[in-house]
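Take a moment to look over the sequence and the model before reading on. We will walk through them together, one region at a time.

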Amino acid sequence: MRLTTKIHERDSAQLTYVYPVVSRRAGGVSVGINLNPNNACNWRCAYCQVEGLVLGAGPAIDQELLEQEVREFLGALLNGDWMEHHVPEGSRRVKDVAFSGNGEPTTSPDFAASMDRVAQVLDELDPDRNLQTILISNGSQAHKTEVQAGLARLAQRGGEVWFKFDGGTSVERTQLNGVEIPDQKVIDNLVQCSQLVRTRLQTMRVAVDGEGPDEAADQSWTHLVRSAQAAGARVHDVLLYGLERKVYQPEAERLSKLPAEELLARAEAIRAELDLPVQVHP
Ligand code: SF4
């Protein structure tokens, strides 16, 4: 199979935990690590792109197999001819290694061990840290000591967390993320995560029933970020996303993409309000 920027199937390399993505966000090939091959997540986002998503936690991870897959696949990308056969010309660069699976990676009981194992392989194969290491997370487990050990190991590797931060109120989070989380919990999670490792806010901006977020929603979002910062959160920047790929949840028909100009205008407002850099992926 030749990968394009639209193909993100987790089994495209026929491995259990490792999959390649030719990514517009990465500007090359991103090596994905899926610690949720059981499609389980503790959240249920309306825009989730996981087919067959179930409520639950990630499973135990076969550490030997994980190491073998990362070692062999990354080796083939960096030193072999896999790119030539599978990736369009112009995208033949490995940009990053991203823990981004079919569910929330930090819910696996082996998250920290897996982070350590992968970091060890990366330290060996990429000693100069040319590859960014990313954890894409909803941040909900950041209070757990074991998860914090994994975050600290990620920081040691020079990596970063993309912390899901969609709604500024519990009502909006319930609508978008399918979970009821009080503001204080979001703040605590963000503080704990960002004090351990560089943390970027990842925010989805989408229309529900034809309506994008209104002014009150935007104000709540900004207020929540400010409150987290006042409590000690160190926010590196904001990644503002529009709806891109196919959504597999029942709410899919209620969601629609907002115009790029809308996202760009919101990015400008966030920059002015919070003095943070904002990247837009409409
Ligand atoms: S946190 Fe991620 S994997 Fe979980 S439901 Fe939301 S989008 Fe899907």
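Predicted model: local features only at pLDDT ≥ 70, side-chain atom pairs only at ≥ 80, totals over all residues.

Residues are numbered from 1 along each chain as its sequence is written.

Let us begin with the strands. Helices and strands here are DSSP runs numbered from the N terminus, with at least four residues (H or I) for a helix and at least two (E) for a strand. A residue is called buried if 20 or more other C-beta atoms lie within 10 Å of its own, exposed if 12 or fewer do, and partly exposed in between, with C-beta atoms placed from the backbone. Strand 8 covers residues 198-204, and because six of its seven residues are buried, the rest of the structure largely encloses it. Two strands pair if DSSP finds at least two bridges between them. Strand 8 runs parallel to strand 7 (residues 160-164), and five bridges join the two. Within that pairing, Lys 164 has Gln 202 of strand 8 as its bridge partner. Strand 8 also runs parallel to strand 10 (residues 235-241), this time with six bridges.

Strand 2 (residues 28-33) is another enclosed strand: five of its six residues are buried, so the rest of the structure largely surrounds it. Strand 2 is joined by five bridges to strand 5 (residues 94-99), and the two run parallel. If you look at Ile 33, you will find Phe 99 of strand 5 opposite it.

The helices come next. Two packed helices are described by the angle between their axes and the distance between the axes. The axes are lines fitted to C-alpha atoms, for helices over the stretch in contact, and angles run from 0 to 180 degrees between N-to-C directions. Helix 3 (residues 111-125) packs with helix 4 (residues 145-156) at an angle of about 15 degrees, their axes 7 Å apart. Helix 3 is therefore roughly parallel to helix 4, since angles under 35 degrees count as roughly parallel, over 145 as roughly antiparallel, 65 to 115 as roughly perpendicular and the rest as oblique. The crossing of helix 3 and helix 4 is left-handed. A crossing gets that name if the near helix is turned anticlockwise from the far one by less than a right angle, and is right-handed if clockwise.

Helix 3 has another neighbour to look at: its axis and that of helix 1 (residues 63-79) come within 10 Å and cross at roughly 30 degrees. That makes helix 1 roughly parallel to helix 3, and helix 1 passes helix 3 in a right-handed crossing. Helix 6 (residues 183-194) and helix 7 pack at about 50 degrees, with axes 9 Å apart. Helix 6 is therefore oblique to helix 7, and their crossing is right-handed.

Finally, visit some loops. Asp 209 lies between strand 9 (207-208) and helix 7 (215-230). Its phi is near 50 degrees, a positive value in a residue other than glycine. Is Asp 209 buried or exposed? With 9 C-beta neighbours inside 10 Å, Asp 209 counts as exposed. Asp 275, in the loop between helix 8 (260-274) and strand 12 (278-281), has a positive phi near 55 degrees. Asp 275 is exposed because it has 7 C-beta neighbours inside 10 Å. Ala 142, in the loop between strand 6 (132-137) and helix 4, counts as buried, with 25 such neighbours inside 10 Å.
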